[in-house]
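Open the model in your viewer and keep the selection tool at hand. The tour moves from stop to stop, with a selection at each one.

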Amino acid sequence: MSEHRHKAYALTPDYAKSCPVLPREKIHVEPGPGALEKARDAVRKMIAEGLPCGGLLVELEGGVYPIHETVAFDARDAGSENAPVIWRAKDGEQVLFDGGRVIDPSLWRKVPSDDKYYDRFHLSY
């Protein structure tokens, strides 16, 4: 099992003088298939090119972000002490990461009460 370590950064007076505005850069992400992965990859490219002092805010617009496979974040996505990367929902909006699948309701059928498996179903209504 791998061990995950997270760094927390405090805004010290010296840091505040060198980076008076946090964050310096912003990315706005709109919901849609692959949006989270595309944003993560864009952030990785920005980090590789060098983030400005003050770092980056990745702001997710409210809505549903469909997830069809695991989206992994790692050390490449964290930024640095002077240039952190912050991911958050836009103020006042809700973000939903949805990995579910829609099941066609026409595929369902009611189990008759005389079915030998009927007792295995718990009716919660």
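## Stop 1: salt bridges

Start with the charged side chains: the count comes to 6 salt bridges. The model is predicted, so side-chain atom pairs count only at pLDDT 80 or more.

Select Arg88 and Glu59. Their side chains meet in a salt bridge, 3.2 Å from N to O. Arg88 belongs to strand β4 and Glu59 to strand β2, so this pair ties together parts 29 residues apart in sequence. Arg88 counts as partly exposed, at 35% relative accessibility.

Next, select Lys90 and Glu61. This is another salt bridge, and its closest N and O atoms are 3.6 Å apart. Both residues sit in loops: Lys90 between β4 and β5, Glu61 between β2 and β3. The pair therefore ties together parts that are 29 residues apart in sequence. Glu61 is buried, with a relative accessible area of 18%. Lys90 is partly exposed at 31%.

Now select Asp74 and Arg76. Their side chains meet in a salt bridge at 2.8 Å, N to O. Asp74 counts as partly exposed at 35% relative accessibility. Arg76 also counts as partly exposed, at 49%.

## Stop 2: the whole fold

Zoom out and switch to a cartoon view. The protein has 2 helices and 5 strands. Trace the chain along its sequence and the pattern reads α-β-α-β-β-β-β.

How many of the 125 residues count as buried? The share is 23%. Then look at the contacts between residues at least 6 apart in sequence. Of these, 86% join residues at least 24 apart.

## Stop 3: the nonpolar core

Hide the surface. Select Val29, Val43, Leu56, Val58 and Val85. These have the most contacts inside the largest nonpolar core, which has 15 residues. Color β1 (25-29), α2 (35-49) and β2 (56-60): these are the elements that give two or more residues to this core. Which element gives the largest share? Helix α2 does, with 4 residues.

Center on Val43, in helix α2. Val43 is buried, because its relative accessible area is 1%. Leave out residues up to four places away in sequence, and Val43 touches Ile27, Leu56, Val58, Val85 and Trp87. Draw a distance from Val43 to Gly79. They are 36 residues apart in sequence, and their C-alpha atoms are 9.2 Å apart in space.

Move on to Val85. Beyond its neighbours within four places in sequence, Val85 is in contact with Val43, Ile47, Leu51, Leu56, Val58, Asp77, Ala78 and Gly79.

## Stop 4

Is Arg40 buried or exposed? Arg40 is buried, with a relative accessible area of 12%. Not counting residues up to four places away in sequence, Arg40 touches Val71, Ala72, Phe73, Asp77 and Trp87.

Two of those contacts, Phe73 and Trp87, are the next selection. The structure holds 2 aromatic pairs. In the pair of Phe73 and Trp87, the ring centres are 5.2 Å apart and the planes stand at 75 degrees, so the pair is edge-to-face. Phe73 is in the loop between β3 (63-66) and β4 (85-89), while Trp87 is in strand β4. The pair links distant parts of the chain, 14 residues apart. Phe73 counts as partly exposed at 40% relative accessibility. Trp87 counts as partly exposed at 26%.

## Stop 5: a nonpolar patch

Bring the surface back. Select Ile103, Leu107 and Trp108. They form a nonpolar patch on the surface, with about 410 Å² of accessible area together. Leu107 is in the segment after β5 (95-98). Leu107 counts as exposed, at 66% relative accessibility. The tour ends here.

Conventions. Residues are numbered from 1 along each chain as its sequence is written. This is a predicted model: local features need pLDDT of at least 70, side-chain atom pairs count only at pLDDT 80 or more; totals for chains, interfaces and linings use all residues. Side-chain values use heavy atoms; hydrogens and water are left out. Rings of Phe, Tyr and Trp (its six-membered ring) pair if their centres lie within 6.5 Å; planes under 30 degrees apart count as stacked, over 60 as edge-to-face and the rest as tilted. Buried means under 20% relative accessible area, exposed over 50%, partly exposed in between (1.4 Å probe, protein chains only). Patches are made of residues with over 30% relative accessible area and no salt bridge: like charges are joined within 9 Å, nonpolar side chains (Val, Leu, Ile, Met, Phe, Trp, Tyr) within 5 Å. Accessible areas come from the Shrake-Rupley method with a 1.4 Å probe; for residues, only the protein chains shown count as cover. A salt bridge is a side-chain nitrogen of Lys or Arg within 4 Å of a carboxyl oxygen of Asp or Glu. Contact means heavy atoms within 4.5 Å. A nonpolar core is a set of buried Ala, Val, Leu, Ile, Met, Phe, Trp, Tyr and Cys residues joined through side-chain atoms within 4.5 Å.
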